[in-house]
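Welcome, and thanks for taking a look at this one with us. Have the viewer ready, and let us walk through a few places together.

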Amino acid sequence: EDGGIDTPARAPSPVHQFGTLAVHAGAPHDPSTGAVIESISLSTTFAQNAVGKPVGAYEYSRSANPNRDNFEEAVAALEHARWALAFASGSATTATILQSLAAGSHVISVSDVYGGTHRYFTKVALAHGVEVTFSPSIELDVEELIREQTKLIWIESPSNPTLSLVDIRNVATVAHKHGILVVVDNTFLSPYVQNPLDHGADIVVHSVTKYINGHSDVVMGVAAFNSEELKERLTFLQNAIGAIPSPFDCWLAHRGLKTLHLRARESSKNAMAVATALEAYPNVIAVNYPGLDSHRQRAVAIKQHRDGLGGGMLSFRLKGGHAAAERFCQQTKIFTLAESLGGVESLCEVPSAMTHAGIPKDQREAIGVFDDLVRLSCGVEDAEDLTKDVLQALEKAVVGPK
Ligand SMILES: C=C(NCc1c(COP(=O)(O)O)cnc(C)c1O)C(=O)O
């Protein structure tokens, strides 16, 4: 007990280090053929020897599927969780968790969240009776924001796209005193850099579409947790709502996950090089990167991130407003102008006009998503090439005196 919520049993401490788990967790050799790589089980249904007596462990693919089981087992191992459940997308994961709440429930969310998450919180959740309110400084004011009906606190750390951090333990300590669950969206860092359950979170979620799959060829989401009650509730909803991923997508995402440690280290190194170059550039107003000593919450990164890594994501403000931000993204040669993030290829975007365009301008700017903000997803290309690409695009983007 740490207040009003049972502290669930923790997953057993991992026997192996991250890289070994990434390669081997949830990856049994086929006992009949010895195949080292799992097959893809596309069958949607499984024979029964007699009524209600399936031949094996499976009956119908929406309820369970071998590839999904293997992928979920691997994610659970990497997030230090007893269980993980995979969904059709990160957004489907968010929706299923919110739909686990009774009508009349209240959720407190950090203000700076992905635009699609904001869209669900403000335009969908209320339809099933869940009210979401936002806080720009959740560590400071969470206690006063809690209501009798508050059931969940939703954190993105780092947040998309301003890379704000939250000290998870601080929020979880307050939340658990009131019997409130804490969800951390760990998409921006991946399980390699941060494990929110180790800091008191009750559920960790990812858009698998990003770093975990890592190759921009799968849309998927996942939630991981230690509570048996959550496992029962969310497994029921995974089947009843049915927002599940395909076996092939699970197979692809499991393959991508096996190199997550290599990709996360490389993209973090690249982001540090690019952020450092940006910080030195005269026409850059501000750089948001948790790996920089100048980051406003650098102490939280050092406390919560493996080796204080900043991850592969960063954003920066450019003199010259929206026009300069757009020109930058049109001038890059290696960074591709596109939404999404976390893949092997580097991407750039202008959140105010793209991923966060659905958030009203005044609310956007209140959380630092200004029209001149550019977001970069640093892939695994060479740091020198990425840095040169950014600098040449800056030269062309900024018109007038530097
Ligand atoms: C597509 C983008 N984000 C998706 C996303 C999601 C939604 O994941 P989807 O798999 O795209 O549904 C959830 N959480 C975070 C932090 C995210 O960044 C983007 O920011 O370009």
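## A strand on the inside

Strand 7 (residues 181-185) has 4 of its 5 residues buried, so it is largely enclosed by the rest of the structure. Buried here means under 20% relative accessible area, exposed means over 50%, and partly exposed lies in between, with a 1.4 Å probe and protein chains only. Strands (E, at least two residues) and helices (H or I, at least four) are DSSP runs, numbered from the N terminus.

Strand 7 pairs with strand 6 (residues 150-156) in the parallel sense, over 5 bridges; two strands pair if DSSP finds at least two bridges between them. Val184 of strand 7 is the bridge partner of Ile155.

## About the model

This is a predicted model, in which local features need pLDDT of at least 70 and side-chain atom pairs count only at pLDDT 80 or more, while totals for chains, interfaces and linings use all residues. Residues are numbered from 1 along each chain as its sequence is written, and side-chain values use heavy atoms, with hydrogens and water left out.

Strand 11 (residues 313-318) and strand 14 (residues 373-377) run antiparallel and are joined by 5 bridges; Met313 stands opposite Ser377 of strand 14.

Which residues of helix 12 (residues 321-331) are buried? They are Ala324, Ala325, Phe328 and Cys329. Seen down the helix axis, they fall within an arc of 135°, so they line one face of helix 12; the arc is that of the directions from the axis to the C-beta atoms. These buried residues pack against strands 11, 12, 13 (347-349) and 14, and against helix 14 (383-397), where contact means heavy atoms within 4.5 Å.

## Around the ligand

The ligand is surrounded by 17 residues, the closest being Ser91, Asp185, Thr209, Ser340 and Arg375; a residue counts if one of its heavy atoms lies within 4 Å. A polar side-chain atom of Arg375 is 2.7 Å from a ligand oxygen atom. An N or O atom in the side chain of Ser207 lies 2.9 Å from an oxygen atom of the ligand, and a polar backbone atom of Gly90 is also 2.9 Å from a ligand oxygen. The protein covers 92% of the 480 Å² of accessible area that the ligand has on its own, by the Shrake-Rupley method with a 1.4 Å probe.

Key:
Polar contact = N/O pair within 3.5 Å; in protein donor to acceptor, adjacent residues only side chain to side chain.
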